[in-house]
Protein chains: 2
Amino acid sequence: MLGIHLCKRFYKWPTKINEIKKLYNPISTVSLNQVLNTTSPNLPTEPTKIKGWIKNIRNQKNISFIEVNDGSDLGGIQVVGNKDAFHQLKHGACVEVEGSLVMSQGKTQQVEMQLQSVKQIGECPEDYPLQPKYHTMEFLREIAHFRSRSNTFGAMFRIRNQASMSIHKYFQKSGFVWVHTPTITASDCEGGGEQFQIKHVPSPDLPPPSNLQAGQEHHFFGQPAYLTVSGQLEAEIYALSHSRVYTFGPTFRAERSNTTRHLAEFYMIEPEMAFIQQADNVDIAEDFLKSIMRDVMENCREDLEFFDKKVDPQLLVRLNKALDRPFVRLTYTEALEILTKQQEVVFENPIKWGDDLQREHERFLTKKYDDVPVFVTLWPKSIKPFYMRENQENPLLVDNMDLLVPDIGELIGGSIREERYPQLLNRIKELKMDEETYQWYIELRKFGSAPHGGFGLGFERFLQYLTGMKNIRDVIPIPRHQNYCKF
Amino acid sequence: MLGIHLCKRFYKWPTKINEIKKLYNPISTVSLNQVLNTTSPNLPTEPTKIKGWIKNIRNQKNISFIEVNDGSDLGGIQVVGNKDAFHQLKHGACVEVEGSLVMSQGKTQQVEMQLQSVKQIGECPEDYPLQPKYHTMEFLREIAHFRSRSNTFGAMFRIRNQASMSIHKYFQKSGFVWVHTPTITASDCEGGGEQFQIKHVPSPDLPPPSNLQAGQEHHFFGQPAYLTVSGQLEAEIYALSHSRVYTFGPTFRAERSNTTRHLAEFYMIEPEMAFIQQADNVDIAEDFLKSIMRDVMENCREDLEFFDKKVDPQLLVRLNKALDRPFVRLTYTEALEILTKQQEVVFENPIKWGDDLQREHERFLTKKYDDVPVFVTLWPKSIKPFYMRENQENPLLVDNMDLLVPDIGELIGGSIREERYPQLLNRIKELKMDEETYQWYIELRKFGSAPHGGFGLGFERFLQYLTGMKNIRDVIPIPRHQNYCKF
């Protein structure tokens, strides 16, 4: 796609069909993961070829052990061979090894290979930055084009893939429709200054559009356009036609804060469901999260054990506790009572009814409940977005929820949406929002409206929760944040 | 997420735990699709509740038939009841119907409902723009917040969902890892002027960054940043660590052309595989496309029959033909011979070896081969991007392919990538590209390089191919193109 060289030259080259046809071969790669999961009686009797990268070399007197990995497995395969066979090979090189598979005598590996021949596919000079020694996360971030070859990031992106699939599986089995809501959107954030604007920088070779007046800026879309901060509003369109839908895609915030919890580009999963009420929303969120956690733990056992061992020794204990117990459910008002009456901690930010929770308050609550996730529901309307539904029994509250988890804080935020035409219109006027911009959103309430709601899961925060990784930049393939846009 | 109203007021509201606890109910919605797939002996004996929207009302002397649909099925369920029961209800209203399910006497429907009671959930005044009559596609695009409630778009987005899932299924069963490559990227397109730039418009309330010099523009990322036109380059990082990966996400082009084939935001699926060669890539592309088509046809039979009947009467014939026959494989040079030697058509754009194919040439080729998809392989290097691998036998060619399908033209484009360090570096210098920008990409070839390649499928073009829809704006939930950014 990139770099099309436009110099077209004339060449009449003779057709060499036969020679070209020779090129067509069947696919011949065997994934390492498949090999390693073979059991003794099923091991092939013929020699097997494996392609991958050298992760480790151990030399003994006459024989050597190399670990070859193609990225499909945490451990890779141990290849045993004559010391001479390997002596040219360096850590990081790409190789093809051929040999017979045998059950290993060692404890860590089921299947290993007795080498017959090895071929170097791609060499690896000694200035390879990813050496087999301890590297800091900061350094690995610097070499983000190599870090996925390390054990930690190899495992991370297998887990990320599995979590993505577990999420799809959960929704699809319940008849949800995946909706690709637009990344480019017309709605500006409410003056928070946290949205990116999109500009078309026309090629200097092209004439400017002829209908522009002097001093007028050219908008490609005929109006200012932004990167979406959430697909929720558009997902509501589809909840009111297909009943159960979800989004799963990138969302954007121009966060100025350089923290371990914020990215400029991150992924959100946002289910939106017609015909549900506050209680359903909370129930579904709990069921959803537990199902995904269970599915990932079942399918990525070895990778999660690696994080438990190397990154966060409390990881599996904490995850299992969350799975085994019902999540805590507090109303905002109950949470405030707890926070204001407690004597154990002096908060830096004293809190009173009507205030948003700060990190220290969130941390106090999850700690109080022994690291089990805590739902805080029914928040004050005054600090929540316009679309949240007023609580039936108390007009100062909205039907919403935040799910707090240890260390991370808010993992899920959701609400029932105001589905009543007069109430929504009223709220939009009250907040002095631009009615014109939200005309379509208001109209959804005029024609065939239905109670509906949903929630958003921050995918990277979820991955932090799942793996114990401290910095959100280390759970996404290529992070984007203030002053960083490499690649 | 939107519209957080920051006026925080102090309220100490009494906790009403008991009343709030009452709200928590189990989920009670039954999806219509499940109901309709029930067979006679399994029909529930108790009354069933269904929630959905009224799609059709037919009145007879004493009884009425209404069609209720929740978006999970093309046909909806027929509800038979006393005429009086329905007399207040309008087309488009949201209702809850309760009654007994019985096997229908009619031909089109398996299960229908004998009404016991009906409750209006959301009314639908008569100025509802989506009336039960013929609407043009242009008009439906104008009311994109309602069009998903129509039969055509209801079916379209069920098919889009299924196609997405078939794609994930195909890759996952073969051990591919889904990689979320960044939407925001540093690489500028090669002067085509087709890329969008991202600007942060800081809130007027915030002070500007202090390290800016006079006249200097503030870049949030510390450098100019763009919306990606392809995730391929970044996917290559992961192909060289996890062997088999794919992307599935939005990509962007600032296309100035107002055509039925272009969007400013569209979805691409880009598998990238280590250890493959030209022939494998073509084989995999054919197997991939056929597998997805088969899976969608199996899972969305009724919806595809609808498109065959209402949109394109040749649809199923064409799809089945593509499935039953091997795709045609021509080299570019063979294609040029055919195009220049043929006597049947006079092309508007005469073509010679070294030129790119135009629409009329693509159309001629797919027609010549009876609407079976045609691979055109091994194109002139001079008109292809820098990253394509030089053909071993002929340095004027690259190891690539385009797949052409009837009406749409190019559906898939792919190649083997130049994996050799000196050759890639040389090519980048030859094309006077910025070495610094592509340093990381070049380094992938220095350390543990491996032969690799892949292809990109334009998802919306594929959906056009699958459904016969003429305009690409009608296969994506909310289209984005020049002068259009509603919602």
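## Strands, sheet and chain contact in a predicted model

Strand β4 (residues 94-103) of chain A and β5(A) run antiparallel, joined by ten bridges. Two strands count as paired if DSSP finds at least two bridges between them. Strands (E, at least two residues) and helices (H or I, at least four) are DSSP runs, numbered from the N terminus. In this pairing, E98(A) has S117(A) of β5(A) as its bridge partner.

This is a predicted model, in which local features need pLDDT of at least 70, side-chain atom pairs count only at pLDDT 80 or more, and totals for chains, interfaces and linings use all residues. Residues are numbered from 1 along each chain as its sequence is written, chains are lettered from A and ligands numbered from 1 in the order in which they are written, and side-chain values use heavy atoms, with hydrogens and water left out.

**Strand pairs.** Strands of a sheet pair through backbone hydrogen bonds, either parallel or antiparallel. Further pairs are listed here.

| Strand pair | Sense | Bridges |
|---|---|---|
| β3 (residues 77-82) of chain A and β5 (residues 111-122) of chain A | parallel | three bridges |
| β12(A) and β13 (residues 374-377) of chain A | parallel | four bridges |
| β8 (residues 196-200) of chain A and β8 (residues 196-200) of chain B | antiparallel | five bridges |
| β1 (residues 48-59) of chain B and β4 (residues 94-103) of chain B | antiparallel | six bridges |

Q78(A) has E112(A) in β5(A) as its bridge partner. Q197(A) stands opposite K199(B) in β8(B).

In β4(B), E96(B) stands opposite K51(B).

**The open sheet of chain A.** Eight strands make an open sheet with mixed pairing, ordered β6-β10-β11-β16-β15-β14-β13-β12 (chain A). Its edges are β6 (177-178) and β12 (328-331) of chain A; each has a single partner strand, so one side of each lacks a neighbour in the sheet. Helix α6 (residues 232-242) of chain A packs on the sheet, touching β6, β10 (244-252), β11 (265-274) and β16 (452-458) of chain A. Its direction makes about 30° with that of β11(A). Contact means heavy atoms within 4.5 Å. Axes are lines fitted to C-alpha atoms, for helices over the stretch in contact, and angles between N-to-C directions run from 0 to 180 degrees.

Helix α7 (residues 278-299) of chain A lies across β11, β12, β13, β14 (400-405), β15 (409-416) and β16 of chain A. Helix α7(A) runs at about 30° to β16(A). Within α7 of chain A, E286(A) and K290(A) lie four residues apart, about one turn of the helix. E286(A) and K290(A) form a salt bridge, with the closest N and O atoms 2.9 Å apart. A salt bridge here is a side-chain nitrogen of Lys or Arg within 4 Å of a carboxyl oxygen of Asp or Glu. Over all chains, the structure holds 50 salt bridges.

**Where the chains meet.** Chain A gives 165 residues to the contact, and chain B gives 165 residues. About 14,900 Å² is buried between chain A and chain B, 62% of it from carbon and sulfur atoms. Buried area is the accessible area (1.4 Å probe) lost when two parts are put together, summed over both. Two salt bridges are counted between chain A and chain B. K446(B) and D127(A) meet through their side chains in a salt bridge (3.1 Å, N to O). Helix α5 (residues 151-173) of chain A gives the largest share of the side of chain A that touches chain B, ten residues.
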